[in-house]
Amino acid sequence: MFDWLAGRLRFIGSPFVEALIKLGFGTRFFFAVLFQSGMALRRFNLIIRETYYTGVLSLVIIVVSGLFVGMVLCLQGYDTLTRYGSAEASGVLVALSLLRELGPVVSGLLFASRAGSAITAEIGLMKATEQLVAMEMMAVNPVARVIAPRFWAGVLSMPLLALLFSAVGIFGGYLVGVVWLGLDKGTFWSQMQAQVDLHYDIGNGIIKSLIFGVAVSTIAVFEGFDAQPTAEGVSGATTRTVVTSSLAILGLDFILTAFMLRGT
Amino acid sequence: MPDSPLVEVDNVTFAYDARTILKGISLSIPRGKVVAIMGGSGCGKTTLLRLIGGQIKPSRGEVRVAGKVVNELDSDALYLLRRKMGMLFQFGALFTDMSVYENVAFQMREHTDLPESMIRDLVLMKLNAVGLRGAARLMPSELSGGMARRVALARAIALDPMLMMYDEPFAGLDPISLGVIGQLIRQLNDALGATSILVTHDVMESLAIVDYVYFVSEGKIVAQGTADEIRASEEPFVRQFVGGLPDGPVPFQYPAAPYAEDLMGVKRV
């Protein structure tokens with residue numbers, strides 16, 4: 001009876017224990033990356049090179065998604081606000097939605113899918129093909145040479161991509177609201193200018209995207225480094241990066257928003 | 001200590017969890033020699049190489065390289081020692097995001113302050129030594145298996161190491177590439193004044209170029225000697241291994257219940 005009960009408890013508890021162990025390893029790994037970042041920050045060209053792969057190559061999906069999200073937002077906002085006679089506020093709605101929430105969150109989710117998965121797959125494959133061990137045998141620390149530049153590239157790229165997402169989204173809102181639906185151009189922009197606060201709206205959005213960048217980059221490099229060195233292992237790690245990053249972004253967004261709104 | 005062995009493995013035991021791979025193994029690699037460690041798949045050859053390179057630590061015993069106990073070094077001292085080591089991995093382990101030239105230049109750029117013009121000359125010299133100067137601009141994905149192995153060899157000797165380690169350098173190569181790699185291992189060892197350890201199960205190619213051979217089986221040294229001594233050996237394991245015989249001290253059958261018993265279904269597997 002006791003053995004059966006112990007077995008059941010182990011069955012239920014082991015996934016939590018494993019998750020906790022992984023979280024511990026991940027946290028240690030995060031600090032190891034920070035500790036080993038000296039070389040990457042001194043040789044900034046390593047970070048710039050990785051920024052091209054993580055940031056520049058994500059531009060297309062960010063710009064296209066931003067444009068459509070902005071256009072849809074304006075369309076939905078216009079439809080609802082017209083009922084209350086406030087259609088001119090559509091621009092403000094688009095801008096605030098994008099800068100406060102959708103810009104950082106949606107660009108973070110896209111970044112995790114596009115760049116995070118690529119980082120994990122690359123590092124995982126480097127591990128599977130013994131490139132990381134080879135580097136260690138050449139007396140070069142792979143955490144400093146491979147991981148840290150990718151981590152910092154992700155951290156730098158994320159806020160820039162989020163800002164770009166919001167900017168393009170606002171332009172999309174302009175296309176729909178002003179060009180298509182015939183809202184007054186002056187009202188559209190002036191209301192936006194009056195209502196959007198640099199510190200509170202744009203600043204908080206940047207802080208959010210920066211934190212999302214740290215979270216996604218940490219998860220992506222850790223999953224790659226921790227991947228089983230097999231095809232199946234790398235595939236699983238890539239999937240975990242997207243799922244864990246997405247959940248982390250949504251969870252962090254709620255916490256950050258709660259803190260930021262409490263400050264008003 | 002010019003006459004002392006460069007590498008000494010002293011009564012080393014190593015286990016992965018509950019599975020013991022090496023059981024109190026001892027061997028020494030003299031300076032300037034090419035020494036092969038042979039044995040079947042899974043006998044612990046590569047584990048020995050990883051112990052010498054400091055990638056893993058023994059459960060018991062000592063591994064000494066150039067008088068330093070590798071398993072007691074901190075990471076800084078280990079990295080310092082590794083600068084004097086070169087390792088050729090089984091499938092080359094070339095950095096796939098770098099060209100052949102950048103792969104060979106990698107260590108020079110990481111560990112030295114040499115000007116780019118000098119690095120260029122050195123890289124071309126190393127590539128010329130392995131016959132691939134003309135492939136400097138190619139990417140690893142454009143190389144054949146044999147070429148990739150030669151580029152990896154050029155990269156491994158980039159900083160003129162005192163100790164070269166080769167992990168299955170002949171695996172999966174065509175006869176021409178096989179002969180080329182074999183000759184390069186011998187020539188580079190002699191030209192650099194290095195010491196080489198060759199972990200392999202390719203008997204004929206290895207015996208043609210090595211000075212001494214250790215045979216490992218089930219985590220122990222079962223035979224050793226010069227190439228001629230090995231060829232003339234009457235030791236049953238060596239005869240089975242060198243002759244490629246299917247049965248002998250290493251049985252053909254994996255341990256199982258008696259055949260008849262299994263077929264009659266007396267005892268289920």
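This is a short walk through a two-chain model, starting with chain A, moving to chain B, and ending where the two meet.

Hi everyone. Before we look, please keep in mind that this is a predicted model: local features need pLDDT of at least 70, side-chain atom pairs count only at pLDDT 80 or more, and totals for chains, interfaces and linings use all residues. Residues are numbered from 1 along each chain as its sequence is written, and chains are lettered from A and ligands numbered from 1 in the order in which they are written.

Let's begin with chain A. The C-alpha trace of chain A spans about 65 × 60 × 35 Å along its principal axes. Of its 264 residues, 46% count as buried; buried means 20 or more other C-beta atoms within 10 Å of a residue's own, exposed means 12 or fewer, partly exposed lies in between, and the C-beta atoms are placed from the backbone.

Is A:Ala6 buried or exposed? It counts as exposed, because it has 10 C-beta neighbours inside 10 Å. Its C-alpha atom is separated by 37 Å from that of A:Ala32, 26 residues apart along the chain.

Now over to chain B, and its sheets. One is an open sheet of six strands in the order β6-β7-β8-β3-β9-β10, with mixed pairing; strands pair if DSSP finds at least two bridges between them. At the edges sit β6 (85–88) and β10 (220–225) of chain B, each pairing on one side only. In this sheet, β6(B) runs parallel to β7 (residues 163–167) of chain B, joined by four bridges, and B:Met85 stands opposite B:Leu163. By contrast, β9(B) and β10(B) are antiparallel over five bridges, with B:Val213 partnered by B:Gly225. Their hairpin has two residues between the strands, and B:Glu218 takes a positive phi near 50 degrees there.

The other sheet I'd like to show is open too, with four strands in the order β2-β1-β4-β5 of chain B and antiparallel pairing. Strands β1 (residues 7–16) and β4 (residues 60–65) of chain B pair over five bridges, and B:Glu8 has B:Arg64 as its bridge partner in β4(B). Helix α1 (residues 45–52) of chain B packs on this sheet, touching β1, β2 and β4 of chain B.

What about the nonpolar core? A core here is a set of buried Ala, Val, Leu, Ile, Met, Phe, Trp, Tyr and Cys residues joined through C-beta atoms within 7 Å. The largest has 138 residues, and B:Ile52, B:Ile197 and B:Leu198 touch the most other members. Helix α7 (residues 142–180) of chain A gives the most to this core, with 18 residues. Leaving aside residues up to four places away in sequence, B:Ile197 touches several residues, including B:Val7, B:Ile37 and B:Ile52.

Last stop, the contact between the chains. How many residues does each chain bring? Chain A gives nine and chain B gives 15, with contact meaning C-beta atoms, placed from the backbone, within 7 Å. Thanks, and I'm happy to take questions.

Technical notes
Axes are lines fitted to C-alpha atoms, for helices over the stretch in contact, and angles run from 0 to 180 degrees between N-to-C directions.
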